[in-house]
Amino acid sequence: EDTGLQLQPLLEGQNYGAAAAGGTRCPAVSVSRNSPARRDYLVVGVLCFGNLINFMDWFIVPGVLLDIQKYFGLSDGKTGLLQTVFTLCYMLAAPIFGYLGDRYNRKIILGAGIFFWSGVTLGSSFITESYYRIFILSRGLVGIGTASYSTIAPTIIADLFEEGKRTTVLSVFYIFIPVGSGCGYMLAAGMAQSTGDWHWAFRVTPCLGGLALVLLILLVPHRIQRRTARHRALSISGTRRGADEKPGVHSTAKTTWCQDVASLAKNCSFVWSSLGLTAMAFVTGALGMWVPLFLYRAQLVQGIVPPCLQESCNSSNSLIFGGITIGTGILGVIAGAEAARRLRKVYNKADPLICATSMFISALCLYTALMVAQTNILSTFVFIAFGELFLSVNWAVVTDILLYVVTPRRQSTAIALQILLSHLLGDAGSPYLIGLISNALQARGTASFQWEFRSMRHSFTLCAFVGALGGACFLLTSLYIEEDRREAER
């Protein structure tokens with residue numbers, strides 16, 4: 001998961017430009033903060049609602065994964081391909097929408113994105129079992145649509161609030177990532193259970209998307225786009241705080257995109273923290289896709305549930321895992337932000353060390369959950385919950401790291417590269433890879449419920465080791481973070 005949190009450095013960079021504009025008293029970008037306060041919070045509410053629906057669509061498929069696998073007759077490898085195609089399309093589309101959002105009306109792009117992904121989601125609910133490839137294509141198209149929202153919506157929030165309030169409001173926006181993810185599981189499982197047909201899980205979020213589109217049209221003003229364009233021009237110019245500039249005069253960046261990339265490649269804190277974030281994305285992508293199915297196989301081995309032979313499979317694991325995702329996501333984001341706020345006052349390397357510690361603890365919890373799954377399902381739920389909790393601690397913290405180790409005029413490029421890296425090497429491939437490993441292990445043993453469970457468990461252990469590797473990357477970040485921060489401030 002995970003993708004909206006990675007945008008905060010870009011947002012901060014945009015506000016940096018706003019501050020610079022304030023210092024020059026440029027009348028073209030000055031905005032009264034007296035009357036629009038209530039309107040601004042209303043806009044935030046609309047965008048948070050859209051973010052909720054966005055991530056609900058992300059996790060509808062994992063919520064009814066067992067039904068989909070049985071309906072299309074899929075192996076674990078082909079099942080994992082569903083989420084991999086979704087994430088790859090999201091990853092490739094995000095930089096394109098970032099480019100468009102810098103230059104065109106963001107409200108129109110958001111509205112078109114919501115309409116597009118809601119329509120595709122609704123259409124995918126009518127695909128029959130003979131058209132698995134079309135179903136995969138539909139998930140890729142939904143990924144393209146959601147990329148428009150995840151890339152652009154947070155930038156509007158960044159332009160509405162000054163630094164103190166902005167951090168708080170963005171944290172609220174980010175909380176809807178785990179909340180939406182968990183609601184996606186619960187909605188899918190609930191609709192499958194109540195209707196007896198998993199297709200209905202894909203017919204609810206389009207209705208909510210239609211409501212979000214109406215609210216966007218009615219309540220999000222066009223003025224934000226015009227104001228942001230001026231802010232962004234100042235931010236890209238690299239104007240320093242308090243620097244004197246003539247009103248209405250804007251300079252352009254003196255470096256090319258290739259030069260910016262070369263500079264970021266030399267920024268060790270950016271490189272190592274991005275690799276740590278990639279490890280986080282790998283683990284969360286695999287967990288989000290496979291945990292409900294893994295829990296079902298564990299319960300099957302213990303004799304807690306019967307084999308899924310009826311039309312609609314038992315989705316209770318998706319309901320429970322959805323609730324766990326919501327609770328641990330909210331607690332983790334809040335706890336991580338608060339711990340970083342307190343500890344960085346007394347220790348400059350607190351942020352990467354918090355990330356490293358939480359990654360190591362999360363990896364240990366996940367590995368323990370895998371080991372006890374065959375004998376104690378309750379303990380498995382508990383350790384998975386703690387594993388997700390410590391993963392969630394890092395989302396806000398790793399965003400702050402990118403913010404202060406990269407100079408503002410390179411933050412757009414930095415965030416685009418980090419999104420590309422974390423998805424390409426992280427959650428884009430991990431669901432498919434776990435499924436492939438499980439398939440390969442199943443082929444080496446006798447077909448049975450016991451061996452299906454063990455194959456999935458063995459493939460899942462890769463996530464624990466990748467999580468520990470991510471912790472090591474954050475430890476390496478701590479070695480360079482002070483020097484890189486001073487360089488960015490200069």
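What share of the contacts in the protein with a separation of 6 or more comes from residues 24 or more positions apart? The share is 87%. This is a predicted model. The protein has 19 helices and zero strands. Of its 490 residues, 56% count as buried.

**Nonpolar core**

- The largest nonpolar core holds 122 residues.
- Leu 47, Ile 68, Phe 202 and Phe 460 have the most contacts inside this core.
- Helix H12, spanning residues 268–302, gives the most to the core, with 17 residues.
- Domain 1 (36–223) and domain 2 (259–489) both contribute residues, so the core lies between them.
- Ile 68 is in contact with Val 61, Leu 74, Leu 82, Phe 135, Trp 198 and Phe 202, leaving aside its neighbours within four places in sequence.
- One of these partners, Phe 202, is also listed with Ile 68 among the residues with the most contacts inside the core.

**Packing of H14 and H16**

- Helix H14 (residues 350–372) packs with helix H16 (residues 394–405) at an angle of about 145°.
- The axes of H14 and H16 are 9 Å apart.
- The crossing of these two helices is left-handed.
- H14 makes the contact through Asp 351, Pro 352, Ile 354, Cys 355, Ser 358 and Met 359.
- H16 makes the contact through Asn 394, Val 397, Val 398, Asp 400, Ile 401 and Tyr 404.
- By type, the residues of this contact divide into eight nonpolar, two polar and two charged.

**Pro 431**

- Pro 431 is placed in helix H18.
- Is Pro 431 buried or exposed? Pro 431 counts as buried because its relative accessibility is 0%, and buried means under 20%.
- Leaving aside neighbours within four places in sequence, Pro 431 is in contact with Gly 80, Gln 83, Thr 84, Gly 285, Met 289 and Trp 290.
- Pro 431 and Phe 460 are 29 residues apart along the chain, and their C-alpha atoms are separated by 10.0 Å.
- Phe 460 is one of the residues with the most contacts inside the largest nonpolar core.

**Arg 444**

- Arg 444 is found in the loop between helix H18 (430–443) and helix H19 (449–489).
- Arg 444 is exposed because its relative accessible area is 72%, and exposed means over 50%.
- Arg 444 and Ser 455 lie 11 residues apart in sequence. From C-alpha to C-alpha, Arg 444 and Ser 455 are 9.6 Å apart in space.

Definitions and conventions: Residues numbered from 1 in each chain as written. Predicted model: local features only at pLDDT ≥ 70, side-chain atom pairs only at ≥ 80, totals over all residues. Heavy atoms only, no water. Core = buried A, V, L, I, M, F, W, Y, C linked by side-chain atoms within 4.5 Å. Buried < 20%, exposed > 50% of the residue type's maximum accessible area, 1.4 Å probe, protein only. Helix = DSSP H or I, 4+ residues; strand = E, 2+ residues; numbered from the N terminus. Domains from an automatic or database assignment. Contact = heavy atoms within 4.5 Å. Axes fitted to C-alpha atoms, helices over the stretch in contact; angles between N-to-C directions. Left-handed = near helix turned anticlockwise from the far one by under 90°. Nonpolar A, V, L, I, M, F, W, Y, C, P; charged D, E, K, R; others polar.
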